[in-house]
Amino acid sequence: MSTSTDKKIVTLEELRAHKTRDSFYALIHGKVYDVTKFLDEHPGGDEVILAEAGQDATEAFEDVGHSDEARALLPDMLVGEFEQNSELKLKSGAAAAQANRVSGAVEQGSNLMYFVPLGLLGAYFGWRFYTTGAL
């Protein structure tokens with residue numbers, strides 16, 4: 001019988017050291033899994049897994065909506081628990097891409113925040129000049 005002290009603790013450095021096709025660890029829900037042998041079998045292709053290299057893949061894993069069968073494979077791949085005192089502010093590749101898209105949309109939205117009112121104001125004065133002949 002194993003106890004909580006028997007669990008292997010995986011450090012951030014160790015997680016990041018295993019991010020190649022030959023040895024790949026995935027961090028999902030605070031647990032580290034060796035998914036190296038599964039890369040070729042993954043229905044979504046290996047590139048979606050490899051995109052999460054050295055990061056927290058929880059969000060990407062959950063966003064896809066993995067089946068119960070996929071979740072049942074995880075215990076056999078378990079390496080250990082991720083160290084608790086590590087900088088767990090790891091962003092997944094999917095989350096980072098989403099953050100970049102949101103940032104770009106916000107920047108684009110802020111530009112519109114200035115140009116739309118100015119355009120409307122210009123259109124109003126143009127319409128007023130056209131209809132009355134004076135500003």
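**Close-up views of a predicted model**

**View 1. Surroundings of tyrosine 33.** In this predicted model, tyrosine 33 touches Phe24, Tyr25, Ala26, Ile28, Leu74, Pro75, Met77, Leu78 and Val79, when residues up to four places away in sequence are left out of the count.

**View 2. The largest nonpolar core.** The largest nonpolar core comprises 13 residues, and those with the most contacts inside it are Phe24, Ile28, Tyr33, Val35 and Ile49. At least two residues of this core come from β3 (23–28), and at least two come from α4 (68–77). It is β3 that gives the most to this core, with three residues. Another core, made up of eight residues, lies apart from it and includes Leu27, Val32, Val79 and Phe82.

**View 3. Strand β5 and its pairing partners.** Strand β5, which runs over residues 78–82, is mostly covered, with four of its five residues buried. Strand β1 (residues 9–10) pairs with β5 in the parallel sense over two bridges, and valine 10 stands opposite phenylalanine 82 of β5.

View 4. A search of the whole structure finds two aromatic pairs. Tyrosine 124 and phenylalanine 125 form an edge-to-face pair, with 5.4 Å centre to centre and 65° between the planes. Tyrosine 124 also forms a tilted pair with tryptophan 127, with 6.2 Å centre to centre and 35° between the planes. Both tyrosine 124 and tryptophan 127 lie in helix α5 (residues 93–132), where they are three residues apart, about one turn of the helix. Through these ring pairs, Tyr124, Phe125 and Trp127 are linked into a cluster. Tyrosine 124 counts as partly exposed because its relative accessibility is 40%, and phenylalanine 125 is likewise partly exposed, with a relative accessible area of 36%. Tryptophan 127 has a relative accessibility of 52% and therefore counts as exposed, the cut-off for that class being over 50%.

**View 5. The chain as a whole, for orientation.** The secondary structure of the chain comes to five helices and five strands, which follow the pattern β-α-β-β-β-α-α-α-β-α along the sequence. Of the 135 residues of the chain, 29% count as buried, while the chain exposes about 9400 Å², of which carbon and sulfur atoms supply 59%. Among the contacts in the chain with a separation of 6 or more, 67% are accounted for by residues 24 or more positions apart.

Key
Residues numbered from 1 in each chain as written. Predicted model: local features only at pLDDT ≥ 70, side-chain atom pairs only at ≥ 80, totals over all residues. Heavy atoms only, no water. Core = buried A, V, L, I, M, F, W, Y, C linked by side-chain atoms within 4.5 Å. Buried < 20%, exposed > 50% of the residue type's maximum accessible area, 1.4 Å probe, protein only. Contact = heavy atoms within 4.5 Å. Pairing = 2+ DSSP bridges. Areas by Shrake-Rupley, 256 points an atom, 1.4 Å probe, with all protein chains shown as cover. Phe/Tyr/Trp six-rings, centres within 6.5 Å; stacked < 30°, edge-to-face > 60°.
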